[in-house]
Amino acid sequence: MTTPVFRLPIGIECSSNNGKVRVSGARGVVVFDSVSNLYRKGNMVVFLPYLTPYYSSIFTQAILGVILGYTIELKLKGIGYRVREEEGKLIFSLGYSRPVTLGIPEDVSVKFNKGTFSLMSVNFGVLQNFATTIRSYRFPDSYKGGGVLYANEVIVCKEGKKT
């Protein structure tokens, strides 16, 4: 059996301490838990005991995140659906009697475009969790197609009631 070895790109620092793996690069820092210890020689990294496939994918996502970053673009589709940012919180008007207020995680930054807004982060897990939380307040409707959508998502609408 061959030893799984990770090759780090130039400019990426990686360290392990007390069950936490820290990956830092040009865009930021990602820290995640791991039972394995990290051993480094030059730009080669080996984890002992070996990483499980789950932690191996988290490590790979962390490396890609600190190099390129991750972006999820969401779109509000519906009459009167709006979003704005105030004091580190997102305030959504989604057709409820009161606005929905969500705190923005410290790893995530928000950028508003016309009709859409983008969530950007180096930590893919935090970003995906936050986008799913936003979507849970108004999932896309299967009849009209309105709600919080991913930018490239296509909703196949059901046919209405026949009379």
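Here are some questions and answers about this predicted model.

User: Hello! How many helices and strands does the protein have?

Analyst: Welcome! This is a predicted model, and its secondary structure includes both kinds of element. The count comes to two helices and 13 strands.

User: What is the radius of gyration of the protein, and what would a compact globule of 163 residues have?

Analyst: Let us begin with the extent of the C-alpha trace, which is about 70 × 40 × 25 Å along the principal axes. A compact globule of 163 residues would have a radius of gyration near 15 Å, but the value for the protein is 20 Å.

User: What percentage of the residues count as buried?

Analyst: The cut-off matters here: a residue counts as buried when its relative accessible area is under 20%. Applied to the 163 residues of the protein, this gives a buried share of 33%.

User: How many positive and negative side chains are there, and how far apart do the centres of the two sets lie?

Analyst: There are 20 positive side chains and 11 negative ones in the protein.

User: Which residue takes a positive phi in the hairpin of strand 11 and strand 12?

Analyst: Strand 11 covers residues 109-112 and strand 12 covers residues 116-121; the two pair in the antiparallel sense over four bridges. Within this pairing, F112 stands opposite F117. Three residues lie between the strands, and the one with a positive phi, near 85°, is G115.

User: Is S118 buried or exposed?

Analyst: S118 belongs to strand 12. It touches residues elsewhere in the sequence, among them T71, I72 and E73, as well as S109, V110 and K111. Because its relative accessibility is 6%, S118 counts as buried.

User: And R7, is that residue buried or exposed?

Analyst: R7 sits in strand 1, which runs over residues 5-7. Leaving aside residues up to four places away in sequence, R7 touches N43 and M44. The cut-off for exposed is over 50% relative accessible area. R7 has 61% relative accessibility, so R7 counts as exposed.

User: How many Å apart in space are R7 and V45?

Analyst: In sequence, these two residues are 38 residues apart. Going from C-alpha to C-alpha, the distance between R7 and V45 in space is 6.2 Å.

User: What share of the contacts with a separation of 6 or more comes from residues 24 or more positions apart?

Analyst: A contact here means heavy atoms within 4.5 Å. Of the contacts in the protein with a separation of 6 or more, the share from residues 24 or more positions apart is 48%.

How values were computed
Residues are numbered from 1 along each chain as its sequence is written. This is a predicted model: local features need pLDDT of at least 70, side-chain atom pairs count only at pLDDT 80 or more; totals for chains, interfaces and linings use all residues. Side-chain values use heavy atoms; hydrogens and water are left out. The radius of gyration is taken over C-alpha atoms; the globule rule is 2.2 Å times the number of residues to the power 0.38. Buried means under 20% relative accessible area, exposed over 50%, partly exposed in between (1.4 Å probe, protein chains only). Lys and Arg count as positive and Asp and Glu as negative; His and the chain ends are not counted. The place of a charge is taken as NZ of Lys, CZ of Arg, CG of Asp or CD of Glu. Two strands pair if DSSP finds at least two bridges between them.
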